[in-house]
Amino acid sequence: ISADGRNVAFDSSASNLVAGDTNLSTDVFVHDRLTGVTQQVSVDSAGGQADRSCCTGDGYWITTTHGAVYHYGDARWLGSARDEVLGKPIVAMAATPTGRGYWLVTGGGRVFAFGDADHLGNATTLFTPPRIVDMVASPSGAGYALLDASGSVFAFGDAFQPGITRDVVRPATAIGVTDSGR
């Protein structure tokens, strides 16, 4: 919703919102509440129907330790944790494979999910408070893993759980995943 409340942006797979919407895809629209006119804004550079509602791969997000999220290129802003009581700073962000969602995680293991990212759990209920330093999405996007500075990995959803990786030089600082997620 625009600051003055006049324009409302939304996505929809309905084909009857504007004339000529025949691409059978989810599209992005802006509705002008003053004039009552709805326009399709997910169009290509020639003004034709776009194949996707967002995300050509030409965008990215940046997050701050306070939970603000900034979007660049064609990455859409999907929310932030800026107004949340975090307890510990945001230390990592991971995007879903679709590019239509992301997770943020605090150093204390609290996870925030936006867009098509599902919240699958936190690492905040441990006997020893975690020192989360990174996170990674599973290849399917149906899970994520959190890395503790000690080398412990906490997996949620379909993310692979290797357990404590005792041969890691401490402190551990980053985690990655193979195409298979194993």
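Visitor: Let's start with Thr-106. Does it count as buried or exposed?
Guide: Keep in mind that this is a predicted model. Thr-106 counts as buried, because its relative accessibility is 1% and the cut-off for buried is under 20%.

Visitor: Where is the place of Thr-106?
Guide: Thr-106 sits in strand E7.

Visitor: And what does Thr-106 touch?
Guide: Leaving out residues up to four places away in sequence, Thr-106 touches Leu-86, Lys-88, Pro-89, Ile-90, Val-91, Phe-112 and Ile-132.

Visitor: You mentioned E7. In what order do the strands of its sheet come?
Guide: The order is E6-E7-E8. These 3 strands make an open sheet with antiparallel pairing.

Visitor: Which strands stand at the edges?
Guide: Strand E6 (90–95) and strand E8 (111–115) do. Each has a single partner strand, so one side of each has no neighbour in the sheet.

Visitor: What does the twist average?
Guide: From one strand to the next, the twist averages 20°.

Visitor: Over how many bridges do E7 and E8 pair?
Guide: Strand E7, residues 101–106, pairs with E8 over 5 bridges, in the antiparallel sense. Within that region, Val-105 stands opposite Val-111 in E8.

Visitor: New topic. How many residues has the largest nonpolar core?
Guide: It has 14 residues. Those with the most contacts inside it are Trp-103, Val-105, Val-111, Met-135, Tyr-144, Leu-146 and Phe-154.

Visitor: Which strands each supply at least two residues of this core?
Guide: E6, E7, strand E9 (132–137), strand E10 (143–148) and strand E11 (153–157). E9 gives the most to this core, with 3 residues.

Visitor: What does Leu-146 touch?
Guide: Quite a list. Not counting residues up to four places away in sequence, Leu-146 touches Val-105, Gly-109, Val-111, Ala-123, Ile-132, Asp-134, Met-135, Ser-152, Val-153, Phe-154 and Phe-156. Another core, of 10 residues, lies apart from the largest one. Among its residues are Ala-81, Ile-90, Tyr-102 and Phe-112.

Visitor: Back to E10. How many of its residues are buried?
Guide: 6 of the 6 residues of E10 are buried, so this strand is largely enclosed by the rest of the structure.

Visitor: Which residues point which way from E10?
Guide: Gly-143, Ala-145 and Leu-147 point one way. Tyr-144, Leu-146 and Asp-148 point the other way. All are buried.

Visitor: What pairs with E10 in the antiparallel sense?
Guide: E9 pairs with E10 in the antiparallel sense over 5 bridges. There, Ala-137 stands opposite Tyr-144. E11 also pairs with E10 in the antiparallel sense, over 5 bridges. On that side, Leu-147 has Val-153 as its bridge partner.

Visitor: How many residues lie between the strands in those hairpins?
Guide: The hairpin of E9 and E10 has 5 residues between them. In its turn, Gly-141 has a positive phi of about 85°. The hairpin of E10 and E11 has 4 residues between the strands. There, Gly-151 takes a positive phi near 100°.

Visitor: Last stop, Ala-19. Where is its place?
Guide: Ala-19 is in the loop between strand E1 (7–12) and strand E2 (27–32).

Visitor: Is Ala-19 buried or exposed?
Guide: Ala-19 counts as exposed, because its relative accessibility is 82% and exposed means over 50%.

Visitor: What separates the C-alpha atoms of Ala-19 and Gln-39?
Guide: A distance of 9.5 Å. Ala-19 and Gln-39 are 20 residues apart along the chain.

Definitions and conventions
Residues numbered from 1 in each chain as written. Predicted model: local features only at pLDDT ≥ 70, side-chain atom pairs only at ≥ 80, totals over all residues. Heavy atoms only, no water. Pairing = 2+ DSSP bridges. Axes fitted to C-alpha atoms, helices over the stretch in contact; angles between N-to-C directions. Core = buried A, V, L, I, M, F, W, Y, C linked by side-chain atoms within 4.5 Å. Buried < 20%, exposed > 50% of the residue type's maximum accessible area, 1.4 Å probe, protein only. Contact = heavy atoms within 4.5 Å.
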